[in-house]
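Colleague: I am new to this structure and would be grateful for a close look at a single part of it. Please also place that part within the whole.

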Amino acid sequence: MYEEKHKHLKELEKVLTTRIENISHDLSHEHDADSAEQVTERENEDVLRNLKEETRLELKQVRSALKRIETGEYGTCATCGEAINAARLDALPYATLCIRCAS
């Protein structure tokens with residue numbers, strides 16, 4: 001029933017995993033000896049750390065959605081038990097709440 005969603009979520013999982021690996025690699029570089037450059041590098045690292053955390057959280061949601069597909073709970077609101085609108089799942093494939101409960 002949700003084969004396309006499963007496929008899409010698996011692709012998204014790969015993209016997010018690769019993004020985390022790339023960010024981790026970027027964060028592992030040593031700092032420049034120039035102190036002015038170090039300030040910029042540290043600011044960039046802060047941005048990268050935030051991006052990594054946001055990506056990690058999104059990956060967690062994607063994996064949770066994949067589990068819900070496997071258990072037959074996907075597409076059902078976690079609060080009210082009603083079906084989540086297909087348009088909402090298209091926009092946010094790892095949504096756990098219907099639009100009414102999310103509001």
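Modeller: The following account begins with one residue and then turns to the whole chain. The model is predicted: local features need pLDDT of at least 70, side-chain atom pairs count only at pLDDT 80 or more, and totals for chains, interfaces and linings use all residues. Residues are numbered from 1 along each chain as its sequence is written, and side-chain values use heavy atoms, with hydrogens and water left out.

Helices are DSSP runs of H or I with at least four residues, strands are runs of E with at least two, and both are numbered from the N terminus. Q61 has a relative accessible area of 39% and is therefore partly exposed, a class lying between buried (under 20%) and exposed (over 50%), with a 1.4 Å probe and protein chains only. T76 stands 15 residues from Q61 along the chain, and their C-alpha atoms are 15 Å apart.

Around this residue, the protein comprises four helices and zero strands, in the order α-α-α-α from the N terminus. Its C-alpha atoms occupy a box of roughly 60 × 30 × 20 Å along the principal axes. Of the 103 residues in the protein, 23% are buried. Among contacts (heavy atoms within 4.5 Å) between residues at least 6 apart in sequence, 53% link residues at least 24 apart.
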